[in-house]
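Morning, everyone. I'll keep this brief. Please have the viewer open.

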Amino acid sequence: MLYSKLFGKTSKTMPSDEEAINSQLLIRAGFAHKVMSGVWSYLPLGLRVFEKIKDIVREEINAVGGQEILMSALQSKELWDETGRWESLKEIMFQFEGRGGAWLGLSTTHEEPVVDIARAKISSYKDLPFALYQIQDKFRNEPRAKSGLLRGREFSMKDLYSFHATKEDLDGYYEKVKEAYLRIFKRCGLEAMVVEASGGVFSKEHSHEFQVLVETGEDTIFYCEKNVRRPGLPGRPGLDTKCDFAQNKEIAEVYAGDKCPKCGRKVLIGKAIEVGNIFKLGTKYSKPMNLKFMSKDGKEQAVIMGCYGLGPSRILGAIVEVWHDDKGIIWPEEVSPCCVHLLDLSKDDKSNVRKAAKKVCEILEKAEWEVLWDDRLDVSAGEKFADADLIGIPLRILVSEKTLAKDSVELKYRQSGKAEIVKIKDLIKKLS
Ligand code: ATP
Ligand code: MG
């Protein structure tokens with residue numbers, strides 16, 4: 001990909017009303033465009049990251065048996081009246097009158113529509129269990145849409161719904177999805193902590209949130225000092241989890257400094273971003289909506305459900321909140337828009353440096369490395385370096401007169417800042 005041709009270059013100026021680090025950096029680096037408060041469009045680089053996050057989500061959810069569907073965003077009042085949520089979600093759901101006086105709404109979530117589909121298709125225990133998911137935009141008239149991509153009024157959600165004959169079957173599946181979620185966040189460069197939160201349906205059970213510790217998070221959580229899952233940052237070593245105790249402040253039975261109720265060590269307090277939330281729904285939606293099946297012994301029973309949400313657009317914002325420095329974004333490898341940011345400092349299209357850069361680009365692309373080549377001729381070296389730091393691709397490869405004198409290129413790693421000289425002929429071997 002040639003940077004000279006790319007739509008959406010970096011910009012030095014910042015919209016004055018943008019407070020959040022994620023949106024400031026994503027706008028400046030040319031990844032996102034603000035439509036209005038809580039509504040975003042993705043530009044080419046931003047879309048590449050967004051798609052990579054969704055690919056990871058699909059891989060991991062498919063691996064636990066989720067089957068992808070796509071439900072409509074436009075909803076009818078009648079369907080949501082069946083559970084009383086047309087009324088109870090009034091504040092947050094965009095609702096409006098359609099042609100002929102029919103009331104319509106934009107989906108805030110999809111329990112009602114997915115149950116409506118399931119009840120048209122299943123009748124027997126033989127149809128169970130199954131799990132359906134989609135990646136689709138949700139609409140919520142959020143009161144505080146000031147956190148950039150973290151809190152959209154239109155935002156992307158992956159919502160998975162599972163359907164079971166027994167509570168035991170749901171319990172087993174729930175644990176599988178929990179593990180899949182942790183793998184998803186890890187692959188996105190985020191160490192999420194599993195935190196107990198409100199929203200459980202069965203007595204004494206909680207829902208589970210996946211929280212990423214970061215000072216700019218909106219949520220407050222209490223967690224055992226041995227429950228710190230986070231990747232290493234420069235100057236800050238990563239830590240492993242040895243106790244899994246963590247509670248959201250909204251339900252917490254402890255406070256900072258207390259003894260951990262599980263292991264007796266100290267309870268800490270921290271700010272965090274909720275990137276996912278999973279619930280055991282039981283029969284909360286299947287009962288009022290009449291989603292039933294005939295059991296093995298011929299009894300009619302309500303289907304037992306679980307639901308599992310995570311937000312690809314919020315994940316994108318959270319990655320930037322965690323992975324940045326004063327120069328710009330630092331993309332984790334698997335979600336970076338490209339693998340390599342190639343730079344050459346030519347001022348002339350016919351120079352040897354330019355020819356060598358072209359060759360390096362071809363070598364990389366032949367080995368299936370995605371390259372963003374900053375091929376601009378009219379931009380200073382300093383500007384190119386600053387743009388590379390702002391855009392945040394993990395590996396920068398520089399071709400200059402100096403490196404060429406040794407038939408080499410300079411590799412520089414965005415995260416550690418370390419650099420090394422590598423012969424062009426050894427490049428692919430070195431990278432793989
Ligand atoms: P919050 O408490 O932050 O408002 P929520 O608990 O209402 O979120 P859920 O209904 O549990 O959110 O949604 C599942 C997931 O969807 C969340 O964990 C989050 O990743 C994402 N999400 C929810 N609301 C938003 C939003 N307004 N903007 C972006 N992502 C969101
Ligand atoms: Mg939630």
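I'll take the ligand site first, then the metal.

One caution: this is a predicted model.

Start with ligand 1. Where does it sit? Ligand 1 is in the largest pocket.

Now the residues. There are 16 around ligand 1. Those that come nearest are Arg 140, Glu 142, Gly 152, Glu 274 and Val 275.

Next, polar contacts to protein backbone. Take Val 275: one of its polar backbone atoms is 2.8 Å from an oxygen atom of ligand 1. For Gly 276, a polar backbone atom lies 3.3 Å from an oxygen of the ligand. Gly 311 also has a polar backbone atom facing a ligand 1 oxygen, at 3.1 Å.

How much of ligand 1 does the protein bury? Taken alone, the ligand exposes 580 Å². The protein buries 83% of that.

On to the metal. Ligand 2 is a magnesium ion. Which residues coordinate it? Glu 274 does, through OE, and Asn 277 does, through OD1. The distances run from 2.3 to 2.5 Å.

Look at Glu 274 again. This residue coordinates the magnesium ion, and it is also among those that come nearest to ligand 1.

Last, Asn 277. Is this residue buried or exposed? Its relative accessible area is 12%. The cut-off for buried is under 20%, so Asn 277 counts as buried.

Terms used:
Residues numbered from 1 in each chain as written. Chains lettered and ligands numbered in written order. Predicted model: local features only at pLDDT ≥ 70, side-chain atom pairs only at ≥ 80, totals over all residues. Heavy atoms only, no water. Donors = N, O, S within 2.8 Å, 3.2 Å for Na, K, Ca; no water. Buried < 20%, exposed > 50% of the residue type's maximum accessible area, 1.4 Å probe, protein only. Near = heavy atom within 4 Å. Polar contact = N/O pair within 3.5 Å; in protein donor to acceptor, adjacent residues only side chain to side chain. Areas by Shrake-Rupley, 256 points an atom, 1.4 Å probe, with all protein chains shown as cover. 1 Å grid on protein atoms, 1.4 Å probe; cavity = no way out; pocket = protein on both sides within 12 Å on 5 of 7 lines; lining within 4 Å. Sits in = over half its atoms within 2 Å of the grid points.
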